[in-house]
Each structure stands twice: as structure tokens, then as C-alpha cells.
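Have a look at the model first.

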Amino acid sequence: MLLRERTPISAALVARLPRLRLITISGPCPNIDVAACTARGIAVCASANRASMATPELTWGLIMSAMRHIPDEVARLKGGAWQRQIGRVLHGRRLGIFGFGRIGKVVAGYGRAFGMGVLVWSRARGQAEARAQGFDIAAGPDNLFAQSDVLSIHLRLTPETCGCITRADLARMQPGSLFVNTSRAELIEAGALVEALRAGRPGSAALDVFAHEPVLDARDPLLALPNALCTPHLGFVALDQLDDYFSDQFDRVLAFERGQPIDVINPAALGPVEQEVGQVET
């Protein structure tokens, strides 16, 4: 039972686990060698795309906190001082959404509710959904980075998206813009965000993800930057979310034990009868 996709399940590891018959994970599974599992008759059960509000809500909390300097001002008040920094409102500004999937579309809705103009760049399907919901579509990713006052990243990490946000992309952002990432740090070219924030484009960042987690002893250079608001990967850490995760996991284990597997992404790993049931219930 895997809670996150950072645990690598390689062909070499699978070969050392002759008794293994089931792997279940609460989300996407780029960390699992599904082909190796299938060849050894190991069923892999993955998320059934349950809607989650935990990450979108944290994303919006980070945006508001960064725009109004809330953490700094709270710390200042507790330290015996009074207000120092002048914040900015969201109303009337442009929110950029990079990736119009389950989380991106919720965050776009929050932006609309706060009176922001919303600009979207996504794959063709996401663009069509965004257009149908009345959101503006960017002319391209370059336009999205250049025109967004707040840019929020909502992409899955795959071999194709790893490092897809480059130094050149970040350099297109405005000095007063905010870059927000609650997806995966590896989406950004290694070292590019630290350099960009030091250069002032974008002007600030709000981040919940890091290339190497957990980050202990403040070892990530982003934590030393005054214009980076960082949280320790809290996006999924909400009681409601964890309850859903574990409920799904145990449902899969119990269904597998009954011989009626659900949410199986590699039905070829199952026997003929199990395969039919698994496909019907997925």
C-alpha cells in the first residue's frame, strides 16, 4: 500500500518479492514498473480519480498568503512589532492556470470567484473544457508566463513534463508576478527557480513541493530566499483527504481478497475470471 508515488517499484525490486500479488497506490503511479508487475502476475490498483479539495484549497491559501504577506506579518506582530509590508489584492488581476485538470479547474474557479481574469494553457482537451467554461485561452505557454500576475502550475510529473518549465519561461514573467507550484518541483528545470527569484522574475513564489523531500535542516536553497513562501508539502495532508486515501486503499485490498479486484490498471496480470470482474468494476 503506497500513499505517494515517491517509492520506486522497479523490475529489480519486484523480482525480489516472489510472494507479492497486489500493489495499491493513492494516486498516479509513474514510480511503478507496471509492465514488470504484469509479467509477474502482480495486480496494480491506482486512484479512481476521486475529487480532492485539499490541494486546490492549499493553493489558494498560498496565493492569498503571498499576496498579502500574511506569514511575515503574523511573525512580526508576535515579535512585538506592527505592520510593515503593503500587500496586493487579487481582484482585477490575471490568474494563469498551467494545466486544466482536476485541480487546475478548481483553482480557476476560485480565481473567477475573487474577480480575477483567468488565462489557461493546457492540452487540447483541457483547452476545450476551459473554453466551454468561459475562461480565456492563452496564445501559447510563452503568452501565459508573460501575461499572468499569478501563475499556478497544475501538471502531472511524467517523463514528458519533467523540466518542462525552463529558465526562459520564468524570465518571461513580470517583476511583480507570483509563481505558484503545488504540483511537483521536478516540473521546473533544475536550479532555474532559485536563479529566477534572485533575478526578480518572477517577483515571488509560493511553493509546496521540493525536488528532494523531506527537506530537513532548511537545506533547500529556496528556503533562504525572502521572496519564496514555502510549506512542507501540505497539499494532500488534510484529515478528509487522508481518510479518503485510506478508505480507497482498504476497499481495494478487501476486494482483491474476495477475488473481485477493483481499480486494476493492468488486468492482464489477473487470471481470466478475476480479469473480467476487475474490468467491470474499475
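**What's behind the labels?**

Q: Why is His 69 called partly exposed?

A: His 69 has a relative accessible area of 23%. Buried means under 20% and exposed means over 50%, with partly exposed in between (1.4 Å probe, protein chains only). So 23% puts His 69 in the partly exposed group.

Q: What kind of model is this, and what do its local features need?

A: The model is predicted: local features need pLDDT of at least 70, side-chain atom pairs count only at 80 or more, and totals for chains, interfaces and linings use all residues. Residues are numbered from 1 along each chain as its sequence is written, and side-chain values use heavy atoms, with hydrogens and water left out.

Q: What makes the phi of His 69 worth a look?

A: Phi is positive there, about 55 degrees, and His 69 isn't a glycine. Most residues other than glycine have a negative phi. You'll find His 69 in the loop between H3 and H4. Helices are DSSP runs of H or I with at least four residues, strands are runs of E with at least two, and both are numbered from the N terminus.

Q: Where is Ala 218, and what is its phi?

A: Ala 218 sits in the loop between S8 and S9, and its phi is near 50 degrees, a positive value without being a glycine. With a relative accessible area of 56%, Ala 218 is exposed.

Q: How do you know that His 91 counts as exposed?

A: Its relative accessibility is 58%, which is why His 91 makes the exposed group. His 91 belongs to the loop between helix H4 (70-78) and S3. Touching, or contact, means heavy atoms within 4.5 Å. Met 116 is 25 residues along the chain from His 91, and their C-alpha atoms are 5.1 Å apart.

Q: How many strands form the sheet, and in which order?

A: Seven strands form an open sheet, in the order S5-S4-S3-S6-S7-S8-S9, with parallel pairing. Strands S5 (136-137) and S9 (228-230) are at the edges with a single partner each, so one side of each has no neighbour in the sheet.

Q: How do you know that S7 and S8 pair?

A: DSSP has to find at least two bridges between two strands before they count as a pair. S7 and S8 have four bridges, in the parallel sense, so they pass.

Q: What makes both faces of S8 covered?

A: In a regular strand, side chains alternate between the two faces of the sheet. Ser 204 and Ala 206 are on one side of S8, Ala 205 and Leu 207 on the other, and all of them are buried.

Q: Which elements does helix H3 lie across?

A: H3 (residues 54-68) lies across S3, S6, S7, S8 and S9, at about 155 degrees to S7. For that angle, axes are lines fitted to C-alpha atoms (for helices, over the stretch in contact), and the scale runs from 0 to 180 degrees between N-to-C directions.

Q: Which residues of H9 are buried, and what covers them?

A: Ala 192, Leu 193, Val 194, Ala 196 and Leu 197 of H9 are buried, and their cover includes helix H8 (167-171), S7, S8 and S9. Just after H9, Gly 200 takes a positive phi of about 90 degrees.

Q: Why is the peptide bond from Arg 201 to Pro 202 called cis?

A: Its omega is near 5 degrees. Most peptide bonds are trans. Pro 202 is in the loop between H9 and S8. Another cis bond joins Glu 213 and Pro 214, with omega about 0 degrees, and Pro 214 is in the loop between S8 and S9.
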